[in-house]
Amino acid sequence: MPPSPTPVPTPVPTPVRPPAGPGPGSGSGSAPGGGGAPQNDAEELAGRLRLSINRLHRLLRQESLAGLSPAQASALGAVKRLGSPTLGELAAVEQVQPPTMTRIVATLAEAGMVTRITDDADRRSARVRITPNGRRALERIRTLKNAFLARRLAELSPEEQEGAADLVALLEHLVGP
């Protein structure tokens, strides 16, 4: 008698969840029949959140930098936050090599947005301070970026705007004080 053929297992289809929409209450995954373990849903949500934040950040960076490069605008903002950092401190905060920061600061100084001053404690070291012109440039950048977001938010329905307000509160909670 010939051997009987080995049965081939029949694949079992797994339910595919559509991507969660931007509306409130979507994507919880904890409801019965949600189609996945809550841990996988949390990881998926984390990935989608990261990607969306990165895309929004890129859009905002491209919107307007008042004639500055992204590195220059970032360094100028760091100088404002830090007060009067040394070039080394500024390079560390901006995560660039000191020679790169020296070039960035030289360009900002040439544009009148920062000044370099000798450190009283260590005459070999220079500190950087923002000028009124630099403060105006940062304010212009902030104003243009806020206007960009305001235009995009105005395109949303009232319900979506309410959801956006809830999202902002949630993001503020995630990043802490």
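Buried means under 20% relative accessible area, exposed means over 50%, and partly exposed lies in between, with a 1.4 Å probe and protein chains only. The model is predicted, so local features need pLDDT of at least 70 and side-chain atom pairs count only at pLDDT 80 or more, while totals for chains, interfaces and linings use all residues. Residues are numbered from 1 along each chain as its sequence is written, and side-chain values use heavy atoms, with hydrogens and water left out.

**View 1. Arginine 127 and glutamate 89 meet in a salt bridge.** A salt bridge is a side-chain nitrogen of Lys or Arg within 4 Å of a carboxyl oxygen of Asp or Glu, and here the N to O distance is 3.5 Å. The pair links distant parts of the chain, with arginine 127 in strand E2 (residues 126-130) and glutamate 89 in helix H3 (residues 87-94), 38 residues apart; helices (H or I, at least four residues) and strands (E, at least two) are DSSP runs, numbered from the N terminus. Arginine 127 is partly exposed, at 21% relative accessible area, and glutamate 89 is also partly exposed, at 39%.

**View 2. Arginine 142 and glutamate 139 form a salt bridge.** Their N to O distance is 3.9 Å, and the two residues are separated by about one helical turn because they lie 3 residues apart in helix H5 (residues 132-154).

**View 3. Arginine 152 pairs with glutamate 155 in a salt bridge.** The closest N and O atoms are 3.9 Å apart; arginine 152 is partly exposed, at 42% relative accessibility, whereas glutamate 155 is exposed, with a relative accessible area of 61%.
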